[in-house]
Amino acid sequence: MDVDRILASVCAAQHGAAARRQLLGLGVDRQKLSTRIRRGQLEEVTPRVVKQAGSPATDAQRLMVAVLDSGPGAIVSHETAAAWWGLTGRRLVGITVAVERNRRPAGRLMCEVRLATVIPPQHRKKHFGVPVASPALTLFQLAGQTPTDRLALLVDRAWSMRLTSGAELDQLMERLARRGRNGITRMREVLGERGPGYVPPQSNLEARALEILRGASHHIRSQVDIGGDVWTGRVDFVVEDRLVVEVQSERYHSSLSDRTRDAERRIALERAGFAVVEVWDHDIFYSPWAVTERVREALSAT
């Protein structure tokens, strides 16, 4: 048996890490492992996991070690999974993994372990080679511990990044709701606000604007095509089916040509029967109350 070849192959697929149980299953006995640890070829990271000496200490390796240390079937989950998919913009600090209850890990672990009633097979994914909960399952995992407004923001972000879809979330809702999962009521509220044909915000600026607009109305549609036989255009938001809210930025809407085009678009929208309010990026980020007040005033006037 070419032990070094087996070690190299397993570690290459797992960011330089390997579980002892994996290697023992491939015929690498404990003595051979101990010999290579003494020689400095391998480093013992935990009592259950080794890594190749000199392999880069990356976030991916940290996650891989945590998963391997937690036992068969473990996946990165909750806030850690959200960060790994790029939904939160946060750096990895602590690590959370999930395992099904029938695979309860034993001993002291290097991360927080959440016990799951079930992890649907189709929602076990790999992202950059690391076993992780799918974005859809991650959102449901967070639903029980996340305020509704932040959960809504994460749903929109995952949806706009094409990491999940309304159909996938609805299907997972149906499956998980039968098991009485914590957070189902909150997720049902978030998905109920979106409804059929919902299009999520296409940028962080729009996502922030949507968060503010929810303070002025509960009936908001984003990325809406306006016009019947003649298409007027796609607008950022329609509030209460009568008010168009356009999100403008200094970078893309401050030149003379931009302003001329925006004015022509506004006239077309008003001819189509809509009131129009323009909100600017500076107000969205620094004076959100002013945006809410302008929208409420416009709704009152229509």
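**Close-up 1. Ser-55 and Gln-61 meet through their side chains in a polar contact of 2.9 Å.** A polar contact here is a pair of N or O atoms within 3.5 Å; within protein, one must be able to donate a hydrogen and the other to accept it, and residues adjacent in sequence count only if both atoms are side-chain atoms. This is a predicted model, in which local features need pLDDT of at least 70, side-chain atom pairs count only at pLDDT 80 or more, and totals for chains, interfaces and linings use all residues. Residues are numbered from 1 along each chain as its sequence is written, and side-chain values use heavy atoms, with hydrogens and water left out.

**Close-up 2. Ser-55 sits in the loop between strand S3 (49–52) and helix H4 (59–69).** Helices (H or I, at least four residues) and strands (E, at least two) are DSSP runs, numbered from the N terminus. A polar atom of the Ser-55 side chain lies 2.8 Å from the backbone oxygen of Gln-52. Setting aside neighbours within four places in sequence, Ser-55 is in contact (heavy atoms within 4.5 Å) with Gly-16 and Gln-61. With a relative accessible area of 15%, Ser-55 is buried (under 20%; exposed is over 50%, partly exposed in between; 1.4 Å probe, protein chains only).

**Close-up 3. Helix H6 (residues 135–143) is mostly covered, with nine of its nine residues buried.** Among them are Leu-137, Phe-140 and Gln-141. Look around the helix for the packing partners of these buried residues, which include helix H5 (78–84), strand S8 (130–133) and helix H9 (184–194).

**Close-up 4. Helix H10 (residues 204–213) has seven of its ten residues buried, so it is largely enclosed by the rest of the structure.** The buried residues of H10 include Leu-205, Glu-206 and Ile-212.
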